[in-house]
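Here's a quick tour for anyone meeting this structure for the first time. Have a look at it, then read on.

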Amino acid sequence: MIYRKLDEFQQGFLWGSASAAYQVEGAWNEDGKGPSVWDKYVRIPGTTYKNTNGDVAVDHYHRYKEDVALMAEMGLKAYRFSIAWSRIYPEGNGQVNEKGLEFYDNLINELIAHKIEPIITIYHWDVPQGLQDQYGGWESRRIIDDFNEYCITLYKRFGDRVKYWVTLNEQNVFITHGYERELHPPKVRDRKRMYQANHNASLASAKAIASFRKYVPDGKIGPSFAFSPIYPHSPKPEDVLAAENAEELTNYWWLDVYVWGEYPKIAWKLLEKEGVAPTIEPGDIEILKAGKPDFMGINYYRTTTVEVNPLDGVGDVQMNNSGKKGTTADSGIPGAFKTKRNEFLEATNWDWEIDPQGLRVGMRRISNRYKLPMLITENGLGEFDKLEENDVINDDYRIEYLKKHIEACQGAITDGVELIGYCTWSFTDLLSWLNGYQKRYGFVYVDRDENDEKELRRIKKKSFEWYSNVIKSNGQQL
């Protein structure tokens, strides 16, 4: 749709920013925290860029007051952060670590004191190593109850002050990267195990949502999905069918389960034929259906363009983790689809196509298919920011990126999409899981690199003042 005038963002719109515990906190073994799978995984040489780790990260654990003060100076309305499971349960189950709960109590209270809405992500990829050792983490159904107990502990402790919650962050990413691509822990390449671990994670999310209704009845909860809407490379019917295949296998496989508690039929039949469909036990569908979310969280960075892929075509390939533009090769599922570079779009140095209208397209698809409000839980640009003389960082490219995506959000709202808020990724620079500290996303530059923590000094980028004005004007001054 093209309009003469776009609708305004609603009053109370949550202009926010986001982070994840492992990527910002540091203090990996302090105050009773147990190790997560990432604390162990990063010790394996060659798994991350220059063998970087989150032992210190950007030291948010010790500097959270300084960081929250910067958020308040910006005028941030919401801050989405994750809780480190092994900071609460050092072994993943059993004894609760009171010191861990105290840290998040303090962070939440600091945010509220500065009139910033806290949004909790319960799980952002850091399953406790204790559960991985006990029973294989997400591959065991035992994790469903352990995750639920962990969630209930958080609901009871923080539910009086925190009203927006995210169960699992990017389940489609941590499952495929961990069990199909060997890029994340537990570094497995087995599609059968992947789909079973994914089913267990879906059950865990649904059960946690059902528990939420009891403990935080006035709150809102949903998953956060890494959404990449699919385009056919051409109007050829074969490419259109490939796009349908990709949409089912890479998007609806998760979204349908979150909202309807059912797997898409065509994708399920394919996985059955290949012998990799998960085992569904009696009562599973009932659990899934009882866990319908209040909103859909969307992490959006790019669209994906696909074309037909023959049975002997390309499969999975290594991702671009270097920032060397143009090094990503096509990938796909033989017989279903393969990716294709979209010649109509520019791309980042990590080969992620920049497509603001794709966000609007995706939001409309979710709104029409699932009839749910949405919260943009992540959207941002990772780039090689340069610290210049007098502490200047001219990140005009980030301003332009965010501006276009906020305009797309406003277009979607005018179309009729219900949008709760918009959280950028990220507030401060942070550790990129596989890309070290070179790939920067924040409004606040953190002066450290892969080899030297330096003083971890916080320096405001040009985009800091820009986003502050966006918030003050409720999105009218872009």
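Two strands count as paired if DSSP finds at least two bridges between them. Strands (E, at least two residues) and helices (H or I, at least four) are DSSP runs, numbered from the N terminus. What you see is a predicted model, in which local features need pLDDT of at least 70 and side-chain atom pairs count only at pLDDT 80 or more, while totals for chains, interfaces and linings use all residues. Residues are numbered from 1 along each chain as its sequence is written, and side-chain values use heavy atoms, with hydrogens and water left out.

**Strand β4 and its partners**

- Strand β3 (residues 117-123) runs parallel to β4, and 4 bridges link the pair.
- One of the places where they meet is T121, whose bridge partner in β4 is V166.
- β4 also pairs with strand β5 (residues 220-226), again in the parallel sense and over 4 bridges.
- There, W165 sits opposite I221 in β5.
- Why call strand β4 (residues 164-169) largely enclosed by the rest of the structure? Because 6 of its 6 residues are buried, where buried means under 20% relative accessible area, exposed over 50% and partly exposed in between (1.4 Å probe, protein chains only).

- I119 belongs to strand β3, and its relative accessible area is 0%, so it counts as buried.
- Leaving out residues up to four places away in sequence, I119 touches A78, Y79, R80, F81, Y164, V166, L375 and C423; a contact means heavy atoms within 4.5 Å.
- From I119 to L288 it is 169 residues along the sequence and 23 Å in space, C-alpha to C-alpha.
- N198 is found in helix α9 (residues 191-215) and is buried too, with a relative accessible area of 1%.
- With residues up to four places away in sequence not counted, N198 touches Q171, I175, W253 and W254.

**The four-strand sheet**

- Here 4 strands make an open sheet with mixed pairing, in the order β6-β8-β10-β9.
- Its edges are β6 (230-232) and β9 (332-333), each of which pairs on one side only.
- Strand β8 (residues 304-307) and strand β10 (residues 337-339) run antiparallel and are joined by 2 bridges.
- Look for V306, which stands opposite T339 in β10.
- Helix α10 (residues 237-260) packs on this sheet and touches β6, β8, β9 and β10; the helix direction makes about 165° with that of β6.
- That angle uses axes fitted as lines to C-alpha atoms, for helices over the stretch in contact, and angles run from 0 to 180 degrees between N-to-C directions.

**Helix α15**

- Buried residues in helix α15 (residues 462-472) are S463, F464, W466, Y467, S468, V470 and I471.
- Those buried residues pack against β1 (14-18), α3 (60-74), α14 (396-415), β12 (419-425), β13 (444-446) and β14 (458-460).
- After α15 comes N474, with a positive phi near 50°.

**Cavities and a pocket**

- On a 1 Å grid over the protein atoms alone, a cavity is a set of points where a 1.4 Å probe fits but cannot get out; a pocket is an open set with protein on both sides within 12 Å along at least five of seven lines, and lining residues have an atom within 4 Å of a point.
- Grid points are joined across faces, edges and corners, and a volume is the space filled by probe spheres set on the points.
- How many cavities of 30 Å³ or more turn up? A search of the whole structure finds 6.
- The largest cavity has a volume of about 110 Å³, and its lining includes W38, W125, F174 and H184.
- α2 (37-41) and α8 (171-179) are the elements that give two or more residues to the lining of this largest cavity.
- The second largest cavity has a volume of about 70 Å³, with E25, K33, D39 and R87 among the residues lining it.
- The second largest pocket has a volume of about 240 Å³.
- Its lining has 15 residues, and N245, L249, I266, A267 and L270 lie nearest the centre of this pocket.
- α10 gives the most to that pocket lining, with 6 residues.
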